[in-house]
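Please read the following points beside the displayed structure. They are intended for a colleague who is new to reading such models.

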Amino acid sequence: MSVHRPIGEVILDVQNISLRFGGVKALTDISFNVREHEVRAIIGPNGAGKSSMLNCINGVYVPQDGKISFRGQTFSHMNSRQVAEMGVARTFQNLALFKGMSVVDNLMTGRNLKMKTNIFQQAIRWGAAEREETANRAFVEHIIDFLEIQAHRKTPVGRLPYGLQKRVDLGRALAMEPSVLLLDEPMAGMNVEEKQDMCRFILDVNDEFGTTIVLIEHDMGVVMDISDRVVVLDYGKKIGDGTPDEVRANPDVISAYLGTSH
Amino acid sequence: MLKFKPLASAALLVASGLAALATAPAAFAQAKEQFFPVLVYRTGAYAPNGVPFANGYVDYLKLVNAKGGINGVKISFEECETGYATDKGVECYERLKGKGATVFQPLSTGITFALTEKAPIDKIPLITAGYGRSESADGGVFKWNFPLAGTYWVAADVLVQNIGQKEGGLDKLKGKKIALVYHDSPYGKEPIPLLTERSKQLGFELQLLPVTAPGVEQKSTWLQVRQNKPDYVLLWGWGVMNSTALKEAQATGYPREKMYGVWWSGAEPDVKDVGEGAKGYNALAMQHGAGRSKVHTEVLKLVHEKGQGTGPAEEVGTVLYTRGLMSAMLGVEGVKRAQERYGKGKVMTGEQVRWGLENLALDQAKLDALGFAGVMRPISTSCADHMGANWARVHTWSGKAWQFSSDWIEADAQILKPMVKAAADKYAAEKKLTRRTPEDCQS
Amino acid sequence: MGFFLETFFGGLMAGMLYSLIALGFVLIFKASGVFNFAQGAMVLFAALAMARFAEWVPHWLGTDSKLLANGIAFVLAMACMVAVAWLIERLCLSKLVNQEPIALLMATLGITYFLDGFGQMLFGSDIYKIDVGLPKDPMFLFEQTFPGGVLISQEDLAAAVIAAALVAVLALFFQKTSTGRALRAVADDHQAAQSIGIPLSRIWVIVWSVAGFAALVAGIIWGSKLGVQFSLSQVALKALPVVILGGLTSVPGAIIGGLIIGVGEKLSEVYLGPSLGGGIEIWFAYVMALLFLLFRPQGLFGEKIIDRV
Amino acid sequence: MLYRENGQFKTSYRADQQIFPIRQDRVVIVAFLALAFVVIPGLASEYMLRAILVPFLILSLAAIGLNILVGYCGQISLGTGAFMAIGAYAAYNFNVRIEGMPLLLSLVMGGVCSTAVGVLFGIPSLRIKGLYLAVATLAAQFFTDWAFLRIKWFTNDSSSGSVNVSGLQILGWHIDTPADKYLFCLGLVCVCALMAKNLVRGHIGREWMAMRDMDVAAAVIGIRPVYAKLSAFAVSSFFVGIAGALWGFVHLGSWEPAAFSIDRSFQLLFMVIIGGLGSIMGSFFGAAFIIVLPIVLDNLPYWFGIPVDTALASHLTNMVFGALIVFFLVVEPHGLARLWSTAKEKLRLWPFPH
């Protein structure tokens, strides 16, 4: 597949990030960048620090050294709220959905940055709050249609099958109308059909909304198919970066995956 | 309504409960007997003190019935457990009121405060013998409250006087240190205004040492006592706080002879398990002390020997038991007095009982007849004075028993009267009430 | 200075007693993840049993040897506590596995009501006496160094020593015995423990019995200090700040926490109290715990949690 | 059969977002309100009104407040009694110190003050979690208990530290008969309940629930934990404060700090748990259960005319109450509200389940 939209400028640039938990080194001196509209994959064996990388970008973890710059602004560490406001959305490896809430409510929660009415207006609800609610509900319904989960609107997400929960997770991210979408293993534990559906969704998002996508994935096939450029991490270090073909040819990567001792 | 059907058992229980409650009180309104509500606490933190009082109270009512009732009117009564909790007390009040109650004895300062607001509306008098709000002695404002036989201000004043006697004259108190170790609640704080007044007048230094209820942990309090070495300690506790205080006093070596308790801190449960450790500790005997007199023998003969005794027979004659007897007697006498005006052998209403209590005239002869000779002094109330008597005695724990250690002492009216009036007026102002007119007093 | 020491020692000894009760909380939380509000009720129940049996045994056996009476009473009371533990496990815990903590907490409050009622119904609600011969009168140290010397309440001292001994015993029990190891295993991971064949239900009965034992000892000490009656269950409230300050899962935490709270509240009441009007120690203890938590949200010795996504 | 929603189509999101989307529910609720406002004041006995319904209403309101905090935002609090106390005493001070202060206004101001303090004591929740927070909230409980006993200003220098109010009236409507009190509470509670419902189904409510279910994810999608948690504390203590003011003004009339002791906090927590976490309706169920059950148990002997010793009776009451609590947590940990909804699920098919 190819991307219709032209790859643009660098919008997210990660410079020399290092992260430690006590003695454990999760990330060491990682640098890479993401261009507008591209699909960027981060791969690597388990425990390579992929998720930690995203957590740094989201401001969930605070790296000890390094910088992250986004659309020219540079931060030594990110603040989750700020990141969200700048239009970065995120899905999670081990489903971080709001289990107690229905599908609609989960997606509506994704709209929270768009909801401006204050607490008093909401207490009265009649008027502004209700209008806002309805408007955003309409938007969320589009996403529900797009992800083909109409049937499950009112179901508490806890009761949905895994594959659908993954979709809701993606839906919640899309509800934020992101310009950058961080996907943490969106296809983990899915069967072939589900994976194909998910790939379709991702590419559609990328096509239709021109959303930049940063993707963590284990399934090499998928990665090589849909991504424009790939970063390879191993033991918290970057061992490869480039187009799928370049990465495929990179000896370090091969050894990391085929487990040759270094 | 179908929707309610599948709701589980408990919800149904609640629903049926509500239904039943709606009808319950009505079913109990019977008119041929004089109904006495009995608010008690036989459980919880204050049970050790609550139980003997309740037994005495009930035993007296049984005694009256055994002797043929009030001029032939039998007494019916029902207990309600308050656990010394205000909201539970209010619930009891509402419940028993619905069953024709004509006089309440709340038996808790907190409940008294709450009921003081409700009683005038429901036209039911409150007897708070030896507790409640001190300013309610002023019948001009508190038409429905009867703190018969003494308030906390009386108690505090008598204690100060007794200490004065020990020192050889009130003037000797100048420069002395007196600490008040009190239950941190409205009950414990009642005496403070009077003591402050007295300390100004007599020039002794007053120290306030609150103890958080229920008072199981008093180490720091008594460390402070040890630190500033007061000449006397007044103990204003209730329940476990009293015995704990005595034990801490022993543990910190404070002389028990220098400790003076209020009449709620001077009963057997307070010293029983301290035993020798409390030897020499003094406390007010409200009017009565421990020990048996004619009324007790009557109770034993006519109630206990008939197998009707509420508690164990050996309890008869203990301090709180006797206070129970006395409180019940005051209520009954109120009804009796009312009958003298509104018709002997009739069942009195709340308003009639109120009149009876306001015109109580228990002279020595009457007391002797009732078997209360030596237990208490005469009491006579009036529109202005709802207290009726402001005398008390002090008794001392010998290690085995309570023995009187002072003669009758009368609280100083010069001090009390103005304070009561001032406080009552403040209350009236807050509530936008006007004092009762003389005509109203006649009614 | 002398007085400061007095207060300080007083605090230490009071603190030791708090830790004794806190210990009950910690044991149960470690092994079954239940925050056991019923600990106070258990103390009361145990104390009531002890006091009443000590009263009744002489009548039953016709002996008047205090030692024998107390001995037998202790055994009987302990038996009661084991029975209680067993019932709680059977009727309550086993049915509530994997509920969220708050439901369990509420369940223990339910147990509290039940025990309060049951205990008073069986043993009466009067004030009773436990006499295990703890010395009542004070003693004075350093009388030459400070005027008036430093007063130490012998009763508290004895109590503190007993408490310390008990703590040591429990520590040994946890470290050395196989049951102790099993307990720690369960504490670390229920499933894993079960999978290597540790019977959860038995472990829980044991833990609750041990907690019952701690409650009994606490009950005896407090009982002989205060006399046995309902308010005894209130001492649990004094132990709560200790538990969170020390960390819900840490035995040493309970000890250190107890001492800190004990000393802290006594000093505060004596030196800060007068200027604030007194009666501050109970909330001061909680505020103190709160301040500690602001720096270590999982208590002094609790495990740290890193949330992963 | 009767309870079928099929054939009811929502043609707008607005229609789909109302509180009771199903027609039968609306019918029942309207009927129920009519009963509460019109029938009950006429029929119920004075005891019923004063000793059961009024406390029930007031504590339901408090339970709603607590439920917002515990049920919706997942922050356990054992200090609810404290916030009731603050509401009550603050309202009292506005009432006595400002001449001609309207009753409603002083009640609301009571709520506002308790809100302020609530936010203050909510700050630790940003750092302390779960049971640690629960116990920490007891600091609020004991501190207020102390403050209202010790600081004379709060009690208008009353010698005993106990305060009282009377002559309640709104725009000439004197609230003194039990029926008046009942109606006043009922009205106020209905309004507050509606507001609470609107909040929890609005986006602030979703932010609270998000914090409860998965705080990290919530932060990542742009919810500020500080705002979400503190607003929950604020709203919660506002309702609780108003409830406290009502408890003092309408139910007790005269009160001391002991009326808002730690037992009150536990009682409210019971209501929330038994009623159902995260359910406004559940708060009412819980309150009804916890208030009425002990009274029913107390009264049982008298109804059946069995003379039971008072002490024994109340011991039994305690035991049964405790046992029932446990029983409930065992059979339905999600509370009466859940029972309610499962009942409704069943009713959809009833009487033809297949």
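1. Ile64(D) touches Cys192(D), Ala193(D), Ala196(D), Phe239(D), Ile280(D) and Ser283(D), leaving aside residues up to four places away in sequence. Two residues are in contact if their C-beta atoms, placed from the backbone, lie within 7 Å. Ile64(D) belongs to helix H3 of chain D. Helices (H or I, at least four residues) and strands (E, at least two) are DSSP runs, numbered from the N terminus.

2. The structure is a predicted model, in which local features need pLDDT of at least 70, side-chain atom pairs count only at pLDDT 80 or more, and totals for chains, interfaces and linings use all residues. Residues are numbered from 1 along each chain as its sequence is written, while chains are lettered from A and ligands numbered from 1 in the order in which they are written.

3. Is Ile64(D) buried or exposed? Ile64(D) is buried, because 33 other C-beta atoms lie within 10 Å. The definition calls a residue buried if 20 or more other C-beta atoms lie within 10 Å of its own, exposed if 12 or fewer, and partly exposed in between, with C-beta atoms placed from the backbone. The C-alpha atoms of Ile64(D) and Gly276(D) are separated by 11 Å, although these residues are 212 residues apart along the chain.

4. Which chains share the most contacts? Of the five pairs of chains in contact, it is chains B and D. Their contact takes 50 residues from chain D and 48 residues from chain B. On the side of chain D that touches chain B, the elements giving two or more residues include helix H3 (46–72) and helix H12 (280–303) of chain D. H12(D) gives the most to this side, with nine residues. The residues of this side of chain D comprise 30 nonpolar, 14 polar and six charged. Here Ala, Val, Leu, Ile, Met, Phe, Trp, Tyr, Cys and Pro count as nonpolar, Asp, Glu, Lys and Arg as charged, and the others, Gly among them, as polar. By contrast, no contact joins chain A and chain B, whose closest C-alpha atoms lie 22 Å apart.

5. Within chain B, helix H2 (residues 47–66) and helix H11 (residues 294–304) pack at an angle of about 70 degrees, with their axes 9 Å apart. H2(B) and H11(B) are therefore roughly perpendicular to each other. The contact is made by Asp59(B), Lys62(B), Leu63(B) and Ala66(B) of H2(B), together with Glu298(B), Val299(B), Leu302(B) and Val303(B) of H11(B). By class, the contact of H2(B) with H11(B) has five nonpolar, no polar and three charged residues. Axes are lines fitted to C-alpha atoms, for helices over the stretch in contact, and angles run from 0 to 180 degrees between N-to-C directions. Angles under 35 degrees count as roughly parallel, over 145 as roughly antiparallel, 65 to 115 as roughly perpendicular and the rest as oblique.

6. In chain A, helix H6 (residues 162–174) is largely enclosed by the rest of the structure, because ten of its 13 residues are buried. Among the buried residues of H6(A) are Leu164(A), Val168(A) and Leu174(A). The cover over them includes helix H5 (128–146) and strand E7 (180–184) of chain A.

7. The domain assignment of chain A gives domain 1 (1–87 + 178–262) and domain 2 (99–172); such bounds come from an automatic or database domain assignment. The C-alpha centres of these two domains of chain A lie 27 Å apart. Their contact takes eight residues from domain 1 and six residues from domain 2.
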